[in-house]
Amino acid sequence: MTAHSHGPLLPNFASDNAAGIHPDVLAAITAANEGHHPAYGHDPYTEKLRQRTREVFGEHAVVHPVLNGTGANVTALQTMLPRWGAVITAASAHINTDEGGAPERTGGIKLLPVPTADGKLTPELIDREAWGWGNVHRTQPAVVSITQVTELGTVYSLDEVRALADHIHDRGMLLHMDGARICNAAAALGVTLREATTDVGVDVLSYGGTKNGAMLAEAVIVLNPDAAPGLDYARKYLMQLASKMRFLSAQLTALLTDDLGIRNARAANAMAARLREAVAAGMADGSIRGVEFNQPTRANSLFVTLPAGAAERLRERFRFYDWDAAHRQVRWMCSFDTTRQEVDEFVAEIARVTSG
């Protein structure tokens with residue numbers, strides 16, 4: 001345990017938001033801190049980001065840096081919707097459960113949540129709310145929003161995303177992807193960012209940088225030029241237009257260069273896999289008792305049920321969140337900078353606490 005001026009630092013399995021800035025991203029910020037440049041995106045760093053985005057996602061991709069993930073989602077969805085439109089999403093989706101009502105309060109967006117067992121929507125689940133077109137008494141379903149990686153740590157396959165896109169496009173709807181962890185998903189699937197988004201029919205992507213080594217850097221990336229008219233204006237009135245945009249753009253360019261974002265995500269995923277494998281081995285040999293996995297581990301998170309009192313004892317040395325405290329379910333999250341030593345020490349403590 002390391003002590004700093006802000007107190008002891010406990011090894012953190014609570015959130016990938018807790019990690020610092022990747023050194024290459026920090027270097028990009030420093031490099032952008034030279035001289036004066038035009039504000040609000042009229043700078044060479046943002047122009048470089050635009051070019052790099054087209055190279056990564058396709059020639060029609062247009063990037064709009066924003067300040068946070070909630071802002072990305074609200075800005076994207078509001079511009080994708082007519083005033084009378086609604087968004088179908090999983091009941092567990094971040095826009096429905098963890099954004100303080102921002103889509104409804106700030107965006108004026110009607111959400112149509114659908115319960116799912118694993119956080120993933122299917123064409124059949126979408127059809128529970130995809131109806132009523134032409135009925136003036138019902139809000140009109142216009143957008144489907146999926147999360148990749150989902151809030152439950154599951155990952156849509158390319159075929160699953162393509163099936164959703166085809167299904168809703170046939171009904172005149174658009175597909176938004178909340179990609180707060182899109183790099184983790186691409187790393188898990190072994191594909192490029194374009195293959196995970198543009199090539200499977202995603203219309204607009206909320207690209208996540210903060211959870212993957214950036215600082216205050218997210219983006220709305222419009223992949224279908226007709227999907228989000230007026231997004232530049234919406235970004236301003238939704239308070240997501242950064243004056244010194246070069247510092248956001250420099251970070252995003254760094255993540256999109258030489259697959260840094262994918263490599264960061266691959267490292268986080270690998271540590272989550274190591275954690276799961278070690279816990280499973282302890283469960284098999286009896287050194288870890290009373291622990292149950294609740295979801296498959298496809299990316300950088302684990303969902304487990306712990307024995308009574310175990311979470312409190314583990315948190316004396318390690319940080320992590322309850323997911324469903326009433327059922328003793330917790331979430332363990334790995335970051336791009338999680339180390340093997342931290343994982344191994346955590347597993348040893350799980351064994352000590354659960355076998356005592």
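Predicted model: local features only at pLDDT ≥ 70, side-chain atom pairs only at ≥ 80, totals over all residues.
**Helix 3**

Helix 3 runs over residues 69–80, and its twelve residues span 17 Å from the first C-alpha to the last, close to the 16 Å expected at 1.5 Å a residue. At its start, a side-chain oxygen of asparagine 68 comes within 3.5 Å of the backbone nitrogen of threonine 70.

**The largest pocket**

Helix 3 also takes part in the largest pocket, where it gives four residues, the largest share of the lining. The space in this pocket is about 490 Å³. It is lined by 31 residues, of which Asn17, His94, Ala180, Arg181 and Lys211 are the closest to the centre. At least two lining residues each come from helix 3, strand 8 (204–208), strand 11 (301–305), strand 12 (321–324) and strand 13 (329–333). Sorted by class, the lining has eight nonpolar, 15 polar and eight charged residues.

**The cysteines**

How many disulfides does the structure hold? There are zero. A disulfide is a covalent bond between the sulfur atoms of two cysteines. The sulfur of cysteine 183 has its closest cysteine sulfur in cysteine 334, 17 Å away, and therefore too far for a bond. A disulfide would need the two sulfur atoms within 2.5 Å. Both residues are listed below with their accessibility.

| Cysteine | Relative accessible area | Class |
|---|---|---|
| Cysteine 183 | 3% | buried |
| Cysteine 334 | 0% | buried |

Technical notes
Residues numbered from 1 in each chain as written. Heavy atoms only, no water. Expected span 1.5 Å × (residues − 1). Polar contact = N/O pair within 3.5 Å; in protein donor to acceptor, adjacent residues only side chain to side chain. 1 Å grid on protein atoms, 1.4 Å probe; cavity = no way out; pocket = protein on both sides within 12 Å on 5 of 7 lines; lining within 4 Å. Points joined across faces, edges and corners; volume = space filled by probe spheres on them. Nonpolar A, V, L, I, M, F, W, Y, C, P; charged D, E, K, R; others polar. Buried < 20%, exposed > 50% of the residue type's maximum accessible area, 1.4 Å probe, protein only.
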